Every structure is written in C-alpha cells, then in structure tokens.
Amino acid sequence: MSELTNELFGVVPIIPTPFTENEEIDEDALRNLIDFAIAGGIKAVCLPAYASEFYKLTDDEKLQVVRVAVEHAAGRLKIVAQSNHPSLKVAIKLAQANVKAGADVVSLAVPRIFSLPESSLKQYLSEFLQSIPNTPVLIQDFNPGGSSISVEFIKELMDENPNFKYLKLEEPLCAPKFESIINATKGKVGLFEGWGGLYMLELIPIGIRGVMPGLAVSDILQRVFDLRRSGEDGKAFDLFEKVMPQIFFSLQNMELFHYAEKELLIARGVLSNSIARKAAYIPDASSISYIRELNQRVLDVLNDETYAIRPAVAAVV
C-alpha cells in the first residue's frame, strides 16, 4: 500500500496510450514509453489522463495500462494512476483497483461534463478521498468553461482529508490563485501546473512543486525546471523558448495534441505510429508539414550540447 509520505516533485509527464493498427492497446509500446521516461531522468509519470485519451478507454483498459506501467516500472519511477469517471461509484472502484495494482499516487479529475455547484463537487471529492485514505491523491481541475475550484474549497478539502496531497490546475493568469492556495494551505498541498507546461516559468518562482506536460518533451522541461529553480533564468528562458512553439501549436486542440505528441515520440525513436482512437483529429497537409518542422526543432535542441540535456535512450520498436 502507498504511503502518505510519498512525494512528487519536478516534471511528471502524462504517458500517452499507444495503439496498434486496429486500435488495441499496444503493451510493448507502453513499456517503451516507461523506459523512455526513466532514461530521461523522470521520477514519476501519470496515466491514463486526458493526454492518454482516457475518455476513449474502457474501465478495464484504464486498469490495464496502470498495471502494465507499475509492473514494468518495478519501482524505478512512481506511477500516478488517474481514476477519472463522472460517476463517483465507478471512480472509487477504479481508484481502489489502481491502489491494489501498486500505484504510488491516485489522481482524479474534477467532473466537468456539466456545471455543478461546489457543494456537489465537495461531496464527490470528499467521498473519493475517504475511499482510499492511506493513498496520496492528486486532484486535477481542468475546466475550459469556467473557473477552477476556489481557494476556500481547497483549504476545506485539505483540512478534512489528510490524503489530499496534490493539486493540478491548468488555466492562464493563475499566479495570484496559486499564491493564495500556497498561503492558505501553508504549502501542504503540492501544486502542479498542467497545460503542457506553458505557464511553468511564471509559476516556478511562486513555489509550484512541478509540471505535468506531455512525455515527448518531458526531459527538456525537466532541464528548464531545474535551471529556473536554481536561478539560471536566462538559460531557462532560452531553452523553453526553443520548445514553446511546438507546445503552443499542439495545445490548440486536445486531439491535435495526441497526434503531435505521438509524432514527436516517433521522431525520437520511441513509438512506431501516431494512431489515436477514433474519433481522432485528422490533420491537413499543412499541419502535418508544420508539426514535422516543429518536431525537428525539438530534435535540434536535444542535439545541441549547449543545453546539457540528459539524453533519453531510444527504445527498440
């Protein structure tokens, strides 16, 4: 069983779900992705989240990818098991199964299919946290249609649930809110920035614990994170600016992100295809060409000794 002292820090990338030609989960390719993360110096990964196409997986498949990741990681890095479902009953079942499978941390996205009052969300999240009291939990709030959960809500949830250890938010202009959360919780809830790491340079000085981007640029962003935290701001900005066009372009559409992410992992020698389950984004010729250009620029950064990025060993596919 996981311990409540379990600590996440730095870059915690989302592992994409690799598929075969007939859209079945490719377990061997998933193992390659875990190896790639370890080779890049990553200490923890998360799956199956939005960037894993979790919303296209059956509940059994969600557990399948967690089990494969836990077994293959074999303690070499921590596994954050996303247990999303709009039904609390099903989300709890997934979470408990993920804990049994050996996940180090369980993650849950706030249900945002329809607008709900904070009292409903409080009941949902509280009962979820109480269902796995000995496992640290990371709560994600991705709400494109409005604001994320309030500071007061977060403080109450922390006071009532000792295993609420981490919070991932992904919204622009959130620095004041992050500061307020840190002050209200006295830093007891570790904050992570999502949305591809796009706002990380703004938020690192405020005191976020880490970033949860895509896997394909995770080793580069870990270097950016380390540089920024150590006060080497010029180097951090310079390196981040090299990969920001790829991150920004791909995040225009979640399904486009799947394609761009997997294409970059192909370019890095880790995946053999960029298949996403249908319905999937079908890029036009111009987008395909531009993504290749952006991905090549990322490869150029990796080959530039100036940035001293620990090379991730390409897996055999």
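**Exercise 1. Where does Lys 168 lie, which residues does Lys 168 touch, and is Lys 168 buried or exposed?**

Step 1. Lys 168 sits in strand E6 (residues 164–169); helices (H or I, at least four residues) and strands (E, at least two) are DSSP runs, numbered from the N terminus. The model is predicted: local features need pLDDT of at least 70, side-chain atom pairs count only at pLDDT 80 or more, and totals for chains, interfaces and linings use all residues. Residues are numbered from 1 along each chain as its sequence is written, and side-chain values use heavy atoms, with hydrogens and water left out.

Step 2. Contact means heavy atoms within 4.5 Å. Apart from neighbours within four places in sequence, Lys 168 is in contact with Ile 14, Leu 138, Ile 139, Gln 140, Asp 141, Phe 192, Gly 194 and Met 212.

Step 3. Buried means under 20% relative accessible area, exposed over 50%, and partly exposed in between (1.4 Å probe, protein chains only). Lys 168 counts as buried because its relative accessibility is 5%.

**Exercise 2. With which residue does Lys 168 form a salt bridge?**

Step 1. A salt bridge is a side-chain nitrogen of Lys or Arg within 4 Å of a carboxyl oxygen of Asp or Glu. Side chains of opposite charge can pair when their charged atoms come close.

Step 2. The partner of Lys 168 is Glu 170, and the closest N and O atoms are 3.8 Å apart. Glu 170 has 12% relative accessibility, so Glu 170 counts as buried.

Step 3. Elsewhere, salt bridges that share partners join Glu 53, Lys 56, Glu 255 and Lys 262 into one network. By the salt-bridge rule, the count comes to 18 salt bridges.

**Exercise 3. Describe the salt bridge of Arg 31 with Glu 27, then that of Glu 61 with Arg 277.**

Step 1. The side chains of Arg 31 and Glu 27 meet at 3.3 Å, N to O. Arg 31 and Glu 27 are four residues apart in helix H1 (residues 27–39), so about one helical turn separates them.

Step 2. Arg 31 is partly exposed, at 25% relative accessibility. Glu 27 is partly exposed too, with a relative accessible area of 27%.

Step 3. In the salt bridge between Glu 61 and Arg 277, the closest N and O atoms are 2.7 Å apart. This pair links distant parts of the chain, 216 residues apart: Glu 61 is in helix H2 (residues 59–73), and Arg 277 is in the loop between helix H10 (254–267) and H11.

Step 4. Glu 61 counts as buried at 11% relative accessibility, and Arg 277 counts as buried at 10%.

**Exercise 4. Where does Arg 223 lie, and which residues does Arg 223 touch?**

Step 1. Arg 223 belongs to helix H8 (residues 218–229). With a relative accessible area of 26%, Arg 223 is partly exposed.

Step 2. Not counting residues up to four places away in sequence, Arg 223 touches Leu 239, Tyr 307, Ala 308 and Ile 309.

Step 3. Arg 223 and Gly 10 are 213 residues apart along the chain, and their C-alpha atoms are separated by 9.7 Å.
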